[in-house]
Amino acid sequence: MVRNHEKERLEIQYLLKREMDEILYDLQDSRIDQVVKRAMKERYQILFSLLTRVAPHNECVNYIISSKKKEGI
């Protein structure tokens, strides 16, 4: 049985990942203005830093954006 603390940690982890996935998806949309995309990238970095606090390293690695990828996004 998963304890409440562990369950809450997993829920937070899920929400962070979901939000980050949505940002990554929206960053591909050419209709979105660059100023808005810059704000989205800042939000992504904040969410990523929170994710590193609650998720194991091997799960965080999937959400690291390389510098080449950042330029394209």
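This is a predicted model: local features need pLDDT of at least 70, side-chain atom pairs count only at pLDDT 80 or more; totals for chains, interfaces and linings use all residues.
Student: Okay, which residue does Lys17 form a salt bridge with?

Tutor: Lys17 forms a salt bridge with Glu59, and their closest N and O atoms are 2.2 Å apart. The pair links distant parts of the chain, since Lys17 sits in helix 1 and Glu59 in helix 3 (residues 57-60), 42 residues apart.

Student: And is Glu59 buried, partly exposed or exposed?

Tutor: Glu59 is partly exposed, its relative accessible area being 26%. The side chain of Glu59 is also joined to that of Gln13 by a polar contact of 2.5 Å, and Gln13, a residue of helix 1 (residues 4-27), is buried with a relative accessible area of 5%.

Student: How many salt bridges does the structure hold?

Tutor: There are 5 salt bridges, and one of them joins Glu19 to Arg43, with the closest N and O atoms 3.2 Å apart. Glu19 belongs to helix 1 and Arg43 to helix 2, so this pair ties together parts that are 24 residues apart in sequence.

Student: Switching topic, which residues have the most contacts inside the largest nonpolar core?

Tutor: That core has 14 residues, and those with the most contacts inside it are Met20, Ile23, Tyr44, Leu51 and Tyr63. Helix 1 and helix 2 (34-54) each supply at least two of its residues, while the largest share, 6 residues, comes from helix 2.

Student: What does Tyr63 touch, leaving out residues up to four places away in sequence?

Tutor: Leaving those out, Tyr63 touches Lys17, Met20, Asp21, Tyr44, Phe48 and Leu51.

Definitions and conventions:
Residues are numbered from 1 along each chain as its sequence is written. Side-chain values use heavy atoms; hydrogens and water are left out. Helices (H or I, at least four residues) and strands (E, at least two) are DSSP runs, numbered from the N terminus. Buried means under 20% relative accessible area, exposed over 50%, partly exposed in between (1.4 Å probe, protein chains only). A polar contact is a pair of N or O atoms within 3.5 Å; within protein, one must be able to donate a hydrogen and the other to accept it, and residues adjacent in sequence count only if both atoms are side-chain atoms. A nonpolar core is a set of buried Ala, Val, Leu, Ile, Met, Phe, Trp, Tyr and Cys residues joined through side-chain atoms within 4.5 Å. Contact means heavy atoms within 4.5 Å. A salt bridge is a side-chain nitrogen of Lys or Arg within 4 Å of a carboxyl oxygen of Asp or Glu.
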